[in-house]
Amino acid sequence: MRTDKLRGRDFLCELDFTREEIDTILDVALDLKKRRAIGEAHNHILPGKTLFMIFYNQSLRTRNSFEAGMTQLGGHAHYLDPSKIYTPALEGREKAYSTERVSDVARTLSRMGDAIAIRCYGDPVGWEYGGSHAMIREFAKWADIPVINMECDKYHPCQGMADVMTVKEKFGGFKGVKFVMSWAYSPSIEKPRAVPQSAILYATLMGMEVTLAHPKGMELDNEVLSACKANAKKYGGSFKVENDFETALKGAHVVYPKAWTAIPAFAPPVGTRDEKKAQAIFDANKSWLCDAKKMKLADKDAIYMHCLPCDRGFEVTDEVIDGPQSVVFDEAENRLHAQKAVMSLIMR
Ligand code: CP
């Protein structure tokens, strides 16, 4: 691959990248992590560069890993709260002197900095599935600088990079690794599908033996499932869907239970935004809790993963998440290294 192949590219969705390109980002992330471990400064990589970060939703990990990452690379990250600027909005959704059209925001920021990162899902787009991804794509269409997806309603490509990086560190590679991405119960139905969709896309891209486990009613995007099947065929792993939690966990090397919302929680065209119906599906599946008994079904050397934040006592017990099989803080730390790799490659 040409060394400058990723320069200037947007990082919106893992489906926009080849396996070779994702491998390159992963190699750079592992290298930057090693270099930081031995105290080597790499503030010469993006000196004087600016990343604008627009957060429509709250965040701990994403915001701080991007901010710390830019500082470590020699640049600077600006935090933009959409309620304190003219809220970037798509044509047709504008409100006088309260919003500003995405095309104008993207072109303005392009004159001042070097990349724009956006997080948007759920309420800001009325739970219209695909609405926030379309908005991020609109930013990318108008911006002259790279645009980074910090989680939309469909994909969380930065989390997915950190997830596969963590698997590589723990197992040394991907071949034969049984990766179980599972739904888990939460009292909140307001959870996007981005994390599980990105996790299974990356896991199949890397050729792992992937199982997606969820109760009926929690189905993910058909386009994502088709892409996972195509990845499994191309990269030598496997992909299947299982509706029984315990069956899915048998022999798993990676156990990744995480809540995502049900189809009735979405507005048209996917659902009808019937919150009561979505809540009823959730409440019928409270047994999808990851506890020590369930972990015993997995391989003895299995790891427990979660992108965080998690709903303790609902998605997972304290015993599991604070136990020896949990790698959640390695996973959180790897957000920093993975995103530094992405920024180093696309913003130079
Ligand atoms: N995993 C993740 O994206 O965390 P934050 O919501 O805290 O950014």
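Colleague: How do the residues of the shell around the ligand divide into nonpolar, polar and charged?

Modeller: The shell has three nonpolar, four polar and three charged residues. Ala, Val, Leu, Ile, Met, Phe, Trp, Tyr, Cys and Pro count as nonpolar, Asp, Glu, Lys and Arg as charged, and the others, Gly among them, as polar.

Colleague: Which residues are around the ligand?

Modeller: They are S59, L60, R61, T62, R119, H156, Q159, C307, L308 and R335, each with a heavy atom within 4 Å of the ligand. This is a predicted model: local features need pLDDT of at least 70, side-chain atom pairs need 80 or more, and totals for chains, interfaces and linings use all residues. Residues are numbered from 1 along each chain as its sequence is written, and side-chain values use heavy atoms, without hydrogens or water.

Colleague: What lies 2.6 Å from an oxygen atom of the ligand?

Modeller: A polar side-chain atom of T62. For H156, a polar side-chain atom is 2.9 Å from a ligand oxygen. A polar backbone atom of L308 is 2.9 Å from a ligand nitrogen.

Colleague: And how much of the ligand does the protein bury?

Modeller: The protein buries 93% of the 250 Å² that the ligand exposes when taken alone, by the Shrake-Rupley method with a 1.4 Å probe.

Methods:
Polar contact = N/O pair within 3.5 Å; in protein donor to acceptor, adjacent residues only side chain to side chain.
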